[in-house]
Amino acid sequence: MDRLRPRQRERLVFSGFTKAEIEKMEKLLVESTEPLQSKEFCQKFARSFSASSARAGKPIVKWTEVQSWFAARQKESTSKAPSFTDTPKDQSPIPETCPLHNGHQGSQNLKGMGGKIPDLSELKFEAKSSKDGAWYDVDMFLTHRFLSSGEAEVRVRFVGFGAEDDEWVNVKRAVRERSIPFEHSECNKVTIGDLVLCLQERRDQSIYYDAHVVKIERKTHDIRGCRCLFLIRYNHDNSEERVRLRRLCYIPGQQSR
């Protein structure tokens, strides 16, 4: 890669739908022949929900929230979570032992992020690119190797990229469980000193980097959600920026939610 790569990342699906609204959308998933993710369809649905008496006193429903719900549910039925065993036909799943990178034989276990090899069927991962130091969602783990130092590396394919962008990354330092975007109601769980994943937005690209929270300006929430400001310092270049909660992601294992 000769430049920083934009990252495709799933956002958390809006969880404020009522039981009746969810039942109506689930029924449509089965019965409707309309394109459920079209802007016009989702706008119509959102207006209908917001005008309902059952939503009195609750936030209005945005059409993008309806669209995200349909997209997530449709993806659930067709997608498979990536795992170490999602390998091409000409490559074997990761065994307990494998040759070292320098040709000698080794007998260490691939321990991932510590301990025995976990059941990865329900987990999703992100990996840190050596090209730009940013974190990208992992589509699949292709193969693995052990270095002469005994450290394990895996070759990853990133979501949204082809084989030309595959990389070898260190399992211990550059692979972790996928970070999760904070919801508006979780701003109080972010504290000064926390390590977070932050979306760095530039004119032509948006990329996720590790950062630490330096200062927090608590503000009253409104219909748009959290309005607090978080001063963060990016780890890769020590630059600082004030951001909204929508650009921050929780890193599993770093804080208690």
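## Helices, strands and the chain as a whole

Helices, of at least four residues, and strands, of at least two, are DSSP runs numbered from the N terminus. By that assignment, cysteine 42 lies in helix H2. The model described here is predicted.

The protein chain contains 4 helices and 11 strands. Of its 257 residues, 40% are buried. Among the contacts in the chain with a separation of 6 or more, 57% join residues 24 or more positions apart.

## Helix H2

Helix H2 comprises 13 residues, 39-51. At 1.5 Å a residue they should span 18 Å, and the end C-alpha atoms are 18 Å apart, which agrees with that expectation.

The buried residues of H2 are Phe41, Cys42, Phe45, Ala46 and Phe49. These residues lie on the same side of H2, because they cover an arc of only 130° around the axis. In general, an α-helix has 3.6 residues a turn, so residues three or four places apart point the same way. On the face of H2 turned away from the buried side are the exposed residues Glu40, Lys44, Arg47 and Ala51.

Cysteine 42 has a relative accessible area of 0%; values under 20% count as buried, and cysteine 42 is therefore buried. Lysine 62 is 20 residues from cysteine 42 in sequence, and the C-alpha atoms of the two are 8.6 Å apart in space.

## The pairing of H1 and H2

Two packed helices are described by the angle between their axes and the distance between the axes. For helix H1 (residues 19-31) and H2, the axes come within 12 Å and cross at roughly 150°. Angles over 145 degrees count as roughly antiparallel, so H1 is roughly antiparallel to H2.

The crossing of H1 past H2 is right-handed. On the H1 side, the contact is made by Glu21, Lys24, Met25 and Leu28. On the H2 side, it is made by Phe41, Phe45, Ser48 and Phe49. Phe41, Phe45 and Phe49 are also among the buried residues of H2.

## Asparagine 238

Asparagine 238 is found in the loop between strand E9 (229-234) and strand E10 (240-243). Its relative accessible area is 56%; values over 50% count as exposed, so asparagine 238 is exposed.

Most residues other than glycine have a negative phi. Asparagine 238, a residue other than glycine, has a positive phi, near 65°.

Methods: Residues are numbered from 1 along each chain as its sequence is written. This is a predicted model: local features need pLDDT of at least 70, side-chain atom pairs count only at pLDDT 80 or more; totals for chains, interfaces and linings use all residues. Side-chain values use heavy atoms; hydrogens and water are left out. The expected span of a helix is 1.5 Å times one less than its number of residues. Buried means under 20% relative accessible area, exposed over 50%, partly exposed in between (1.4 Å probe, protein chains only). The arc is that of the directions from the helix axis to the C-beta atoms. Axes are lines fitted to C-alpha atoms, for helices over the stretch in contact, and angles run from 0 to 180 degrees between N-to-C directions. Angles under 35 degrees count as roughly parallel, over 145 as roughly antiparallel, 65 to 115 as roughly perpendicular and the rest as oblique. A crossing is left-handed if the near helix is turned anticlockwise from the far one by less than a right angle, and right-handed if clockwise. Contact means heavy atoms within 4.5 Å.
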